[in-house]
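Here is a quick tour of a multi-chain model, written to be read with the structure open beside you. Have a look first, then come back for the details.

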Amino acid sequence: MVKVEELRLHAAKLLEEGKVKGIIGYRRGTAGLYAEPCVIDRPVDAAALIWDPGCVSNLALYLVKDRKAQAASKTPDKRPLAVVAKGCDSRAVAVLLQENYFKRDEVVVLGVSCEGTGVIDQRKLAARLKGRSASKVEFDGADSFRVTIGKTESVVPATEIMADRCLECRAASPALHDTLYGEPVETRAYAQPFAAAKAAEAASEEERWAQWEHHFDRCLRCYACRSVCPMCYCPECVVDSTSIVITPETSAEEKASRVRWCERSAGSGESAMYHLTRAMHLAGRCVDCGECERVCPVNIPLRLLNTKLEMEAFEMFEYQAGDDITQASLLSSFRDEDPNAFVR
Amino acid sequence: MLNPTKAVAALDTDFEPKIVAFLCKWCSSAGSDLAGVSRLQYPANAVPIQVMCSGSVSPMYILSAFKKGADGVLVSGCHPGDCHYMKGNFYARRRLYLVQKLLGFIGLEKERFRMSWVSAAEGVKYAQVVDDFVRDIKVLGPQRRLKARR
Amino acid sequence: MSSKRTGVFVCHCGTNIAATVDVKTVAAELGKDPGVIVARDYVYMCSDPGQNAVIKAVKENQLDSVVISCCSPNLHEKTFREAAAQGGLNGFQCEIANIREQCAWVHRDRGQATDKAVRISRSAVRRAQGNIALDPIGVPVTRRVLIIGGGIAGIQAALDLANAGLEVILVEKQPTIGGHMLQLSETFPTLDCAQCILSPKMVEVSKHPKITLMTQSEVESVSGFVGNFKAKIKTKAVYVDPELCKICDDCANVCPVAVPNQYDLGLTNRRAIHIPFAQAIPATYTLDDSACLGLNPVVCGKCADVCEAKAINYDARPTVKEVEIGAIVVATGFDLYAKENLGEYGAGRYADVLDGLQFERLCSASGATGGHVLRPSDHKEPKEVVFIQCAGSRDPETHCAYCSKICCMYTAKHASLYKHHVPDGQAYVFYIDIRSGGKGYEEFVQRTMENDGVVYLRGRVSKVYERNGKIVVLGVDTLTGRNVEIDADMVVLAEAMEPSTGTAEMAKVLKIGRDKDGWLAEAHPKLKPVESVTAGIFLAGTAQGPKDIPETVTQASAAASKVIALLSKDQLEHAPTVARVRKALCTGCEMCVDACPYEAIDLIDGKAVVNEVLCEGCGTCSGTCVRAAIDVKNVTQVQIHDMISAVMGV
């Protein structure tokens, strides 16, 4: 059980001692039960920090945002940042460190254990509550959550309202941490890893295409998935022909010759290219925090694309994103035993 | 809401597939040249784009070719261990394995993206690879799933 | 779209292209493309008038880029780049569209071939329109050459290079140079004594001030690139100091160990401490530690005891030397296809069924039998000897598909020598064809048939087996149509030549290619017979394919001349189509650094930086980078994107 008070005290202490310039954590939100990410920079504000099953966001994203802000600033503040991190989030931080996005001593990881149940999926809970609304949800051991509706507290089996990604989680404990709160639960007894991807694979080729044509067609190209992903930190996204990094060194030739890999229009073919490219660019880097799927306004099951490739990486190449800060990336390494039979 | 597409395996005898073939300069393109020197005959549907190494083939090239309406995409490089640049084809093999898996996952017909190892001495093999590919694509019919609609 | 002014020139190549591809249509179609100012066709673009037409068009139309639609760039890319340069353009503004080997020669349907030629040409235009002017990168060279293999090819190349003033390191894995030629008795067609013509060259090598001879050595690894290679050479433990050894033979006389002598192909024994040949260079005895009792003076130590020159040191260790060289000549030679592979000819079970090299040792005065042709089994003189040509060659189904080139000639020589040694003996030669193309070769074979009375039977031998002390040969004479059975005293097999053991390994170390039969691959079968596919590495001798001694010497000198040309300049020109980083997009993730096969990229101040001298332009970095922050000059992702559009007609 995570003692939130300890987390708050430690956060305040870090700020008092000037060890960090801010703490990225969770506080009570306004979007139902989901917590809101926040950055605390005064010790007194540490009291606002919370930790409950509504803390679904991947806070590693805010490390990236801070880095970008500093890079654009004329007076950058390079002091370390602390971040509250679940298992998935800590792996995201590990990937960012592996890719030299910042140095190890620039981030302080406050690991929190999600008790073996992970976080909730608000929609699943709403379906269960049938119109009523819950005011609070709390951790309740390894198998259930405590949900408060009105004045009544009830115990709900975790598997019924856990986020899908938590059901498949392979590394619930924040392996990368400077401090760890709660007892880490390494593995869950729930669904098989990659269960959703495997179920999707079982459908026929026609069925699969029917689904994905439907999804690509509905995509608005709002890029919310990209915006919320900590790994999508590229200064210029290769599929977005309008975002271009212009520096004093950018030549006229470069400006004129941007590759238009896909058009801005939200046509099915163009959107397919965007999603497939993003999936390839995340291969070996996605930690399945599930945020992309959560924020998609048209409910595209984006996790499927990424977990499919992570499954291949794990099963065929023995590679897991965020496992080891010193490992080479998935696509800049190879083994002699890599699959060859598919090549004529 | 759109109706899901039904797969149409049209054995349309007028259908001439358009295939984009990325050939590495040192092995596969040389193998293709040897097929030419040997006057081997094969279908004209595969238009070659010479790249320096199969390792330089970005997944974007393949996706872009399909988006532009390619019915098939071939990437061909040196045999593992024989890469002119020592290791490029090993990276290609891993990367394009994932591309193939991803395309299959979303329901693009599995046979449309193909990879081959063709050495500079394998003119016969190159002709065979193209021949087989064209035949297989003709069975599948025109590629409509990833082609951008204008 | 593009502000470039491109000229497109479509070659008929006589009828090679024009017979299938409608070249005028190709030119007309390309003429409609944006940025194509001029589009013409001509019968032979590579000819003088053809090239001049390009130069003229460039000047008259202020073209800044040209595309030549013609044969494979392997043939004339250089030609046309130079023509473009004469027109005032940077050579890299010229691109080749291969519409011959990859189009006209492989398709029949005129419509389809023409359509494909248009797409290929258009794709080349888009590439050309994205090219920037580039100048070769100057790289200093090391004026030293490494020669791998000390047979006649390596020796000849070493002498040619050393006499041209270059430093030479000659590496040989045996204790002596000389290779297989040193094992021969006489050489065709003149029947010169092999040692007599080879020894002077071997001695010259050992005495030449520019040649460093490293025997009992092998090349372990090679890194770098043309003009700037680094090699690690491992030398076995040398127990006998060549400087001190007086070749007195005292050591061999007391050595208790006898093992088969590999230089005599197992026909005799030698001691653990031995000299390979009397004419060995370096002229020294050598201790074979795999046969020696253990280098332990407690166990044995007899040789060191009797050595007056104190040349023997049991504590010697292998050494590794790192050298810097500018070019490498690979002359690793051949071995014979093992008799054990030929089950129908006894699979190596019969002592009196020999291969060609063994027969040479019998004929050789310094060989197993003092120059007398005697049966290995009982040392009796054979009166009936059968020579079987094509043993393992010309047999695509079971053995080697190729012809080993020299067997017809050396079999005639063997039969002839046998008759000189045993005038009352009878020699038979079973053959399929007689290949005797060199100077004096045909006459030599005719003399063997007519003057020496050797019976030539046109047919194959189906089986060889032992019966009552004789070797029975079952064959056929197709010219008379009759089966032939010979009770022979000795059979000599003209075994196929194959690449020497270690060739495959060496090719991997050097990263050069091998052909389908395992011979080292030349860059072009007709026009570049002594260059490997890798710049700076040259081939000489039988390592590249079966050949006789005159051809080997020729090739060795040719390889030497290529090396001399390569190292004649102060600087080499390194291809400038190298990778370049767009720093604004690079986030320093190091994926390219990890992927680069040449370790040519470093992370400096958080951004990738390319070492242009090490970069070979493979583009692996570009295929790996998820941000398109690194690209190869003139093979950029933008260009490939436009080429895909051109191919797809959008």
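## Chain C as a whole

In chain C, take the contacts with a separation of 6 or more: 69% of them are between residues 24 or more positions apart. Keep in mind that this is a predicted model. Chain C holds 17 helices and 34 strands, and its C-alpha atoms fill a box of roughly 90 × 65 × 40 Å along the principal axes.

Of its 650 residues, 58% count as buried.

## A closer look at C:F80

C:F80 belongs to helix α3 (residues 73-86) of chain C. With a relative accessible area of 2%, under the 20% cut-off, C:F80 counts as buried.

What is C:F80 in contact with, leaving aside its neighbours within four places in sequence? The list runs C:M45, C:C46, C:Q51, C:I68, C:C70, C:C94 and C:I96. Take C:C46 from that list: it sits 34 residues from C:F80 along the chain, yet the two C-alpha atoms are separated by 7.5 Å.

## Aromatic pairs

Over all chains, the count of aromatic pairs comes to 24. One of them is A:W212 with A:F216, whose ring centres are 5.6 Å apart and whose planes meet at 40 degrees, so this pair is tilted. Both residues are in helix α8 (residues 205-218) of chain A, and because they are 4 residues apart there, about one helical turn separates them. A:W212 is buried at 3% relative accessibility, and A:F216 is buried too, at 0%.

Then there's A:F334 with B:Y91, an edge-to-face pair at 5.1 Å centre to centre and 90 degrees between the planes. A:F334 lies in the segment after α13 (303-317) of chain A, while B:Y91 is in helix α3 (residues 88-105) of chain B, so the pair joins two chains. A:F334 is partly exposed, with a relative accessible area of 24%, whereas B:Y91 is buried at 2%. Back in chain A, ring pairs also link A:Y26, A:W51, A:F139 and A:F145 into a cluster.

## Charges over rings

Which ring does the charged end of B:R39 sit over? The ring belongs to C:W105, and the charged end of B:R39 is 3.6 Å from its centre. In chain A, the charged end of A:R170 sits over the ring of A:F314, 5.3 Å from the ring centre.

Most residues other than glycine have a negative phi, and most peptide bonds are trans. Here are some exceptions to look up. A cis peptide bond joins C:F188 to C:P189, with omega about -5 degrees, and C:P189 lies in the loop between β8 (186-187) and β9 (192-193) of chain C. The bond from C:I281 to C:P282 is cis as well, omega being near 5 degrees; C:P282 is in the loop between β15 (273-274) and β16 (286-287).

A:E318 is in the segment after α13 of chain A and is exposed, at 65% relative accessibility. C:C390 also has a positive phi, about 55 degrees. C:C390 is placed in strand β21 (residues 384-391) of chain C, and at 9% relative accessibility it counts as buried.

Definitions and conventions:
Residues are numbered from 1 along each chain as its sequence is written. Chains are lettered from A and ligands numbered from 1 in the order in which they are written. This is a predicted model: local features need pLDDT of at least 70, side-chain atom pairs count only at pLDDT 80 or more; totals for chains, interfaces and linings use all residues. Side-chain values use heavy atoms; hydrogens and water are left out. Rings of Phe, Tyr and Trp (its six-membered ring) pair if their centres lie within 6.5 Å; planes under 30 degrees apart count as stacked, over 60 as edge-to-face and the rest as tilted. Buried means under 20% relative accessible area, exposed over 50%, partly exposed in between (1.4 Å probe, protein chains only). A charge sits over a ring if NZ of Lys or CZ of Arg is within 6 Å of the ring centre and within 35 degrees of the ring normal. Contact means heavy atoms within 4.5 Å.
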